[in-house]
Amino acid sequence: MGLASEVQKRAGSLPLGLKVFGSLFRGRSKEDWLDMLPRLRNRLDGKIEKTLRVSYDEFDSREDKALFRHIACLFNGAKIDYIKMVLADSDLDVKIGLKNLVDKSLIHVRGDVVGMHCLVQEMGKEIVRTQSNEPGEQEFLLDCKDICDVLEDNTGTKKVLGILLDMSGIDELHIHKRAFEKMRNLYFLKINNKPYKNVRWHISEGFNYLPPKLKVLSWIGCPLRSLPSNFCPQHLVKLKMQNSKLEKLWEGVH
């Protein structure tokens, strides 16, 4: 029953997911289930992805597809006004785009909150992952190892729009002094770290740059004493620096 409950949770309330998973597990032993579950935790089943992908591929609008990827990677569970605020200067029509995504059953809106089924969200993340074999050339960086490699090796590019790093699984992070210089279109940077977790930060001497287009800067436990002196925060709509070592944000008045 415990294994069945985990499979059901992974499928959520999507009948297609239960149908495909049921076919996959039917007649197999408990040991087979245990061997197969890790794959389901980390990846979307191919049959489900292929079926869900039809709704996405039917969009003629590149903007609607882009909005779908944004929600899948950054804004699942976010309020509509927040999404509009963060994407205000982009070429995405959030109001019309959300309606189109609802019509395709790719998202749902309850009250003022946008939601996406976990399997649909995983499909969106997979679409982003397949944009390039090089993480630094993908729109959104979500995988912890990929992000660590990009920041340490300075392999980010102007194609990167957002970074969401969960520090719960790592104890140290190396950041190259020019880690963000090539990511000049980065507008979303969120680094989550639990207050009680000690992280060894290795930030190269001379680190003095954050992208000027940043709209969301959330760095929990930031080890910096101040933000880069030349950082221009005029586009920021959200700044969250809890448990940081900041003594000042920036020079002058912005």
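Helices (H or I, at least four residues) and strands (E, at least two) are DSSP runs, numbered from the N terminus. The views show a predicted model, in which local features need pLDDT of at least 70, side-chain atom pairs count only at pLDDT 80 or more, and totals for chains, interfaces and linings use all residues. Residues are numbered from 1 along each chain as its sequence is written, and side-chain values use heavy atoms, with hydrogens and water left out.

**View A. Surroundings of Leu246.** Leu246 belongs to the segment that follows β9. Leaving aside residues up to four places away in sequence, Leu246 is in contact (heavy atoms within 4.5 Å) with Leu224, Arg225, Ser226, Leu227 and Met241. Between Leu246 and Pro223, 23 residues apart in sequence, the C-alpha to C-alpha separation is 7.3 Å.

**View B. Strand β8 and its partners.** Strands pair if DSSP finds at least two bridges between them. Strand β6 (residues 188-192) runs parallel to β8, joined by 4 bridges; there, Ile191 has Trp219 as its bridge partner. With strand β9 (residues 238-240), β8 pairs in the parallel sense over 3 bridges, and Ser218 stands opposite Lys240.

**View C. Side chains of strand β8.** In a regular strand, side chains alternate between the two faces of the sheet. From β8 (residues 216-219), Val216 and Ser218 point one way, Leu217 and Trp219 the other. All are buried, that is, under 20% relative accessible area with a 1.4 Å probe, protein chains only; exposed means over 50% and partly exposed in between.
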